[in-house]
Amino acid sequence: MVNQTIVAVATPPGFGGVGIVRVSGSLVSDIAAGILGRLPPARCANLATFRDARGELLDQGIALYFPGPASFTGEDILELQGHGGPVVLDLLVQRCLELGARPARPGEFSERAFLNGKIDLARAEAIADLIESSTALAARLAGRSLHGVFSRQIDDLIERLVRMRTFLEATLDFPDDELGLSGDQGISDDLRAIIAQTQDLIGAARQGQVIREGLAVVIAGPPNAGKSSLLNALSGQDAAIVTPIPGTTRDLLKLDIQVDGLPIRIVDTAGLRHSEDVVEREGVRRARAQLDQADLVLWVYDAAEGPDALTRESLPSGIPVTRIRNKIDRLKVLPAITQVETGSEIALSATTGAGLDLLRSHLKAFAGLGALPEGAFVARRRHLDALRRGLGYLESAHHALTETSASELVAEDLLQAQHAFGEITGRFTSEDLLGRIFSTFCIGK
Ligand SMILES: Nc1nc2c(ncn2[C@@H]2O[C@H](COP(=O)(O)OP(=O)(O)OP(=O)(O)O)[C@@H](O)[C@H]2O)c(=O)[nH]1
Ligand SMILES: [Mg+2]
């Protein structure tokens, strides 16, 4: 079935110098004839008059025609660049609808570009990420993903897996041949190299995801330790109520801050303690629930009192914790970062600000931002999940290879790994997942 022709305003709503209406599909030449009187020459900017059904002037602007398949979507595209007012743009869209187009769904232009093989899925996502970037760093890395930095590495992994599978299939077909797997050091070395490459890629993708989505940092600890003071100090605003009374904070307080371009979603929580007070008990329950969502917990305690056992017991296992030894101004202790059994510990003062720079550098280093490699790119949680799943299959293949030499098992694991990696670029992606991804894009994109 031929795709329906779609139309949408591609510029943001509101008033502006220019507003762009985008049309893609087989009716483009009819629509151009209806509005402009003719199809403009391909890929040339043309001053044109946009007219309604009765031939009355709607607007005057630039008309651009990109014939498929050498267009963004791979279909014929018409771009009408008129004046950026909501009513005039709406009139233009209405005119396109009269001429047979239908309104585009969010992300539908990108979806068509993907379905027509113009861009892979990771690059389509990078377009959305570039548009939605909240920091300059995120925008730069999205640009790299769009350029294919990430996709090329995935394609390379898949290529290597395909080669290895071809080799294995050959040994399955000719078991007596000298390709025999047992003792084949070559294939085991290759597999180890692919595993190492995947691990590197996971590291880079994790960084990319943090830069795109921000680091989730939860401030927790006993009452009165200075948690809210730390939130205020890091955010540079007087956001949380601070008093000498233990149990001041009950609700979760969430703030989006930036540390040198690293977006951080920071949450201040109620001091963890047993309480008879209903409100405080609910606050403590919410604080504990929040800990599970953290990429990093900042566990604050009063330097004069020492880290207490109750707080330590409340910490979820498997989530990194940095201890904050607060209020060092009272003890005349110098700011410092040290290694303790639970991870790092930073001695600082939330009220004087001494040692805050150590915490900021620590947060950046934790996010892997210390030295950003040339090949850095933005990534999404779904990419990381797929990479980790793929790594699991590769490790299982390596196990099968070294322990049992069972080529069928190895080949099957490699195939599964290949599918997992293929989900990232969209080689093996269900329609359902595609629908979910593109529906989060903006209209006109
Ligand atoms: N001297 C000194 N006092 C501090 C420091 N940090 C916090 N305080 C004081 O400690 C008291 C408690 O601070 P908060 O920030 O409210 O502590 P909290 O951990 O949020 O407390 P709850 O919300 O009750 O759990 C206040 O009187 C602060 O002024 C610090 O670095 N040095
Ligand atoms: Mg507080």
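Arg-43 is exposed, with a relative accessible area of 53%; here exposed means over 50%, buried under 20% and partly exposed in between, using a 1.4 Å probe and protein chains only. Arg-43 belongs to the loop between helix H1 (28–36) and strand S3 (46–51), where helices (H or I, at least four residues) and strands (E, at least two) are DSSP runs numbered from the N terminus. This is a predicted model, in which local features need pLDDT of at least 70 and side-chain atom pairs count only at pLDDT 80 or more, while totals for chains, interfaces and linings use all residues. Residues are numbered from 1 along each chain as its sequence is written, chains are lettered from A and ligands numbered from 1 in the order in which they are written, and side-chain values use heavy atoms, with hydrogens and water left out.

**Backbone features**

- Most residues other than glycine have a negative phi, and most peptide bonds are trans.
- Arg-43 has a positive phi, near 55 degrees.
- Asn-224 also has a positive phi, near 70 degrees; Asn-224 is in the loop between strand S7 (215–220) and H8 and is partly exposed at 32%.
- Gly-68 and Pro-69 are joined by a cis peptide bond, with omega about 0 degrees.

**The magnesium ion (ligand 2)**

- Its protein donors are Ser-228 (OG) and Thr-249 (OG1), lying 2.0 Å from the ion; donors are N, O and S atoms within 2.8 Å of the metal (3.2 Å for Na, K and Ca), and sites may look incomplete because water is not among the atoms.
- Ser-228 sits in helix H8 (residues 227–235) and Thr-249 in the loop between H8 and strand S8 (253–259), 21 residues apart.
- Ser-228 counts as buried at 8% relative accessibility, and so does Thr-249 at 15%.

**Ligand 1**

- An oxygen atom of ligand 1 is 2.5 Å from an N or O atom in the side chain of Ser-229.
- A nitrogen atom of ligand 1 has a polar side-chain atom of Thr-351 at 2.9 Å.
- Taken alone, ligand 1 exposes 650 Å², and the protein buries 90% of that (Shrake-Rupley method, 1.4 Å probe).

**Around Glu-75**

- Glu-75 lies in the loop between strand S4 (57–66) and strand S5 (77–84), and is buried at 11%.
- Its side chain makes a polar contact with the side chain of Arg-112 at 3.1 Å; such a contact is a pair of N or O atoms within 3.5 Å, and within protein one must be able to donate a hydrogen and the other to accept it, while residues adjacent in sequence count only if both atoms are side-chain atoms.
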